[in-house]
Amino acid sequence: MTKLSVNINKIATLRNSRGGDVPNVVQFAKDVQRFGSQGVTIHPRPDERHIRYQDVYDLKPVVHTEYNIEGNPIQKFIDIVLEVKPTQVTLVPDAEDAITSNAGWDTVKHKAFLVDVIKEFKNNGIRTSIFVDPELKQIEGAKATGADRIELYTEAFAHQYSLGNEQAIQPYTECAVLANELNLGINAGHDLSLENIKFFKDNIPNLLEVSIGHALIAESLYLGIENVVQMYLQRLK
């Protein structure tokens, strides 16, 4: 079964929009795990517009499943990850002004940098994953960096699937096959939803984990968070 990690950035966005501490991100992390989520994902950014750096520390004691911290490995991010020591760090090449993640790494161009960063994380017992576009050369490049896993950037698939184009899954399947051959673990995320998650999972061999935030939180406004977590788990079997 593919694991579900719930990205709680949107809960932090809602909290920050009003000030105060409602909704409380620590309590929400406790609850989604209680409802069946097998992980909690956060993505702190330098402007702290959703997850704040203090949240990274506050969540550590309550995440008893898998703690996944995503982000651009600037020095402050690296320092916090090394201090907190989550289960997994996912490297994302975000520009500081990006609204959300919008591209994977060029693992060939940035190989030397990624090798150094990944080595430091792995030396501290942290599993590493690299956010990549569904291109075979990027999968090969990710292997050369020493990463443990890749996270397939799924926005293009999600958009095309919503238009009825099921062939959009093909490059993702091809990349997954190659990743399996290279002994790279496979994660995925971005715009995955209740509508497309089963089709995606069924076509990605050995998909280990999906990280879902925006769609899951939006769906929960209508259906309730406990119900939505269970619906994802059913589709990921």
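**View A. Strand β4 and its bridge partners.** T90 in β4 is the bridge partner of E70. The model is predicted: local features need pLDDT of at least 70, side-chain atom pairs count only at pLDDT 80 or more, and totals for chains, interfaces and linings use all residues. Residues are numbered from 1 along each chain as its sequence is written, and side-chain values use heavy atoms, with hydrogens and water left out. Strand β3 (residues 66-71) runs parallel to β4, joined by 4 bridges. On strand β5 (residues 127-132), β4 pairs in the parallel sense, also over 4 bridges. There, T128 is the bridge partner of V89. Strands count as paired if DSSP finds at least two bridges between them. Helices (H or I, at least four residues) and strands (E, at least two) are DSSP runs, numbered from the N terminus.

View B. β3, helix α4 (residues 75-84) and β4 make a right-handed β-α-β unit. Right-handed means that, with the strands pointing away from the viewer, the path from the first strand over the helix to the second runs clockwise.

**View C. The F131-Y153 aromatic pair.** The structure holds 8 aromatic pairs. F131 and Y153 form a tilted one, 5.0 Å centre to centre with 50° between the planes. F131 lies in β5 and Y153 in strand β6 (residues 149-153), so the pair ties together parts 22 residues apart in sequence. Both residues are buried. Rings of Phe, Tyr and Trp (its six-membered ring) pair if their centres lie within 6.5 Å; planes under 30 degrees apart count as stacked, over 60 as edge-to-face and the rest as tilted.

View D. Y161 and F199 form a tilted aromatic pair, 5.0 Å centre to centre with 35° between the planes. The pair links distant parts of the chain: Y161 sits in helix α7 (residues 155-162) and F199 in helix α9 (residues 197-202), 38 residues apart. Y161 is buried, at 18% relative accessible area. F199 is buried too, at 19%. F157, Y161, Y172, F199 and F200 form one aromatic cluster.

Technical notes. Buried means under 20% relative accessible area, exposed over 50%, partly exposed in between (1.4 Å probe, protein chains only).
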